[in-house]
Amino acid sequence: MPTLLVLLKYPSVGQVKTRLARSIGPQRAAAMYRDWIGTVLELVQPLRSQVRVIGFFDGAPSGAFQTWETLADEWWSQPAGNLSDRLEAGFSRAFSEDSPVVAIGTDCLEIEPSLIQTAFAQLEGHDVVFGPTFDGGYYLVGTRENQPNFFRGVSWSSRDTLASHQAACDDNGWSVAMLPMLRDIDTWEDWQAHCRERGKCDG
């Protein structure tokens with residue numbers, strides 16, 4: 001069965017959404033992020049008959065995530081290391097069942113189950129799929145097979161994140177499919193833009 005890794009971090013005050021916290025304070029930023037975890041996990045529930053949903057967590061022991069326990073099929077702790085190391089480990093473990101793997105975060109609230117289904121469908125004819133974001137990163141990444149060192153050398157948290165990763169794919173001869181561009185939320189301005197687009201801006 002295909003695997004969907006949902007990356008999430010425990011919403012400890014001062015430890016999550018630090019760029020957002022610069023504008024609204026760490027307590028409110030952590031509270032907002034806590035809501036987003038539930039929102040994204042609820043969004044993927046219609047997929048669970050077709051896809052194995054894994055809560056790939058960091059920032060606290062597994063017991064701290066009990067609030068969302070029933071919203072994933074399994075819960076895996078992220079290992080130590082940088083983001084490349086952690087994603088590499090998650091993908092490698094998920095590929096033990098020899099099926100496509102897709103990963104998403106919990107700060108893009110525009111993602112829909114149909115879009116994730118499209119990502120898996122794209123992997124039937126491509127080696128890699130990305131869901132690009134307006135800030136130069138991506139809200140989704142997936143591969144058809146386990147590609148050694150797939151996440152090595154990626155320029156994380158920059159406007160070149162997607163470009164650098166796509167260049168690495170080109171260098172390795174991996175075919176790439178792109179999904180529609182969406183917005184992830186890292187700053188107060190991102191949140192305001194999201195709210196305006198959804199017609200629910202509360203200031």
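**Figure 1. Lining of the largest cavity.** Glu-88, Phe-91, Ser-92, Asn-146, Gln-147, Phe-150 and Phe-151 line the largest cavity. The model is predicted, with local features needing pLDDT of at least 70 and side-chain atom pairs counting only at pLDDT 80 or more, while totals for chains, interfaces and linings use all residues. Residues are numbered from 1 along each chain as its sequence is written, and side-chain values use heavy atoms, with hydrogens and water left out. On a 1 Å grid over the protein atoms alone, a cavity is a set of points where a 1.4 Å probe fits but cannot get out, and lining residues have an atom within 4 Å of a point. The largest cavity holds about 30 Å³ of space, and the count is 1 cavity of 30 Å³ or more. Grid points are joined across faces, edges and corners, and a volume is the space filled by probe spheres set on the points. The cavity lining comprises 3 nonpolar, 3 polar and 1 charged residues. Here Ala, Val, Leu, Ile, Met, Phe, Trp, Tyr, Cys and Pro count as nonpolar, Asp, Glu, Lys and Arg as charged, and the others, Gly among them, as polar.

**Figure 2. The largest pocket.** A pocket is an open set of grid points with protein on both sides within 12 Å along at least five of seven lines. The largest pocket has a volume of about 1200 Å³. Its lining has 36 residues, of which Lys-17, Leu-83, Asp-107, Ser-157 and Asp-186 are the closest to the centre. Two or more lining residues come from each of β1 (3-9), α1 (18-24), α3 (83-94), β4 (101-104) and β6 (138-143). Helices (H or I, at least four residues) and strands (E, at least two) are DSSP runs, numbered from the N terminus. The largest share, 4 residues, is given by β6. By class, the pocket lining divides into 13 nonpolar, 12 polar and 11 charged residues.

Figure 3. A salt bridge is a side-chain nitrogen of Lys or Arg within 4 Å of a carboxyl oxygen of Asp or Glu. Arg-48 pairs with Asp-73 in this way, with the closest N and O atoms 3.0 Å apart. This pair links distant parts of the chain, 25 residues apart: Arg-48 is in the loop between α2 (26-43) and β2 (52-58), and Asp-73 is in the loop between β2 and β3 (74-77). Arg-52 is buried, at 9%, whereas Glu-74 is partly exposed, at 32%.

Figure 4. The side chains of Glu-197 and Arg-183 form a salt bridge of 2.5 Å, N to O. Glu-197 lies in helix α6 (residues 188-198) and Arg-183 in the loop between β7 (176-178) and α6, 14 residues apart. Glu-197 is partly exposed, at 48% relative accessibility, and Arg-183 is buried, at 16%. Elsewhere, a network of salt bridges links Lys-17, Arg-19, Asp-107 and Asp-186. The whole structure has 8 salt bridges.

Key. Buried means under 20% relative accessible area, exposed over 50%, partly exposed in between (1.4 Å probe, protein chains only).
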